[in-house]
Amino acid sequence: MSTGHPLGIDVGGSGIKGAPVDLEKGDFAQKRLRIDTPLVSTPEAVCEVIALVVEHFDEVRSDSPIGVTIPGVVQHGVVKTAANIDKSWIGCEIEKLLEDRLQHDVVVVNDADAAGVGELNYGAARGHDGLVILTTLGTGIGTAIFNQGVLVPNSELGHLEIGGSDAEPRTASSAKTREGLSYAEWAERLQLYYRHLEDLMWPDLFVVGGGVSKDADEFLPLLDIRTPIIPATLKNKAGIIGAAVLAAASQRRHGRHTG
Ligand code: BGC
């Protein structure tokens, strides 16, 4: 049986997760598969795990496009930065590598951009027409910018300088865990971060994703900023769903080019 659904695959520091996505529902068409990220997470090792995920979903048609997220800048299929992953990713022509390996059309995008696309199409920012910034708070801080529903890819606003240093290592939720901060202590750092971001970008809405967004009630009400700020709603599905949306959109624009 073929489903024709695009596949979304989210490459994270600890797990590689994928599922076929039903674009009408904005949800997984089958139960998600998760495989541990290889300890030495070079592009080649990660490609092999991605191949296992694709093979697992034998109902995915051979012409189904695949969207993959990476925690770094990805410009025209080439990885440009690797803040929290193996440095051997930098310069890797990941889209080509995956298309050759999988014989599917593949689109590789930044993880926060994919999560933002998921939230804008089906989640917290659904249908929002203004300037929306999604921030993901996790090991790092990812950002995605949308204006009138259009993504401006590869924003790296997690690395804004605040007080002369990169905001990410002090402000990501990994800093809260590492330093044992209370929500109130952590919120003081978030306050500086979001104030700075709103003064530079003047968004209409902030959406806050990442695992910690499930506890948004503990810290979002502590923030004193002028921009409305709301938690993401697709939780850890956002990246997979957004990657599948982007893969399907790319195949519609360019036609099928592998297989
Ligand atoms: C990277 C971003 C990524 C974010 C979340 C940052 O360190 O620079 O590209 O989106 O982490 O994974």
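Start by selecting Ser173: leaving out residues up to four places away in sequence, Ser173 touches Leu137, Gly138, Trp186 and Val212 (contact means heavy atoms within 4.5 Å). This is a predicted model, in which local features need pLDDT of at least 70 and side-chain atom pairs count only at pLDDT 80 or more, while totals for chains, interfaces and linings use all residues. Residues are numbered from 1 along each chain as its sequence is written, and side-chain values use heavy atoms, with hydrogens and water left out.

Ser173 is placed in helix 5, residues 173-179 (helices are DSSP runs of H or I with at least four residues, strands are runs of E with at least two, both numbered from the N terminus). Its relative accessible area is 13%, so Ser173 is buried (under 20% relative accessible area; exposed is over 50% and partly exposed in between, with a 1.4 Å probe and protein chains only).

Next, select strand 9 (residues 131-137) and strand 14 (residues 205-209), which run parallel and are joined by five bridges. Thr136 has Gly209 in strand 14 as its bridge partner.

Last, go to His5, in the segment before strand 1 (7-11). Is His5 buried or exposed? At 19% relative accessibility, His5 is buried.

Terms used: Two strands pair if DSSP finds at least two bridges between them.
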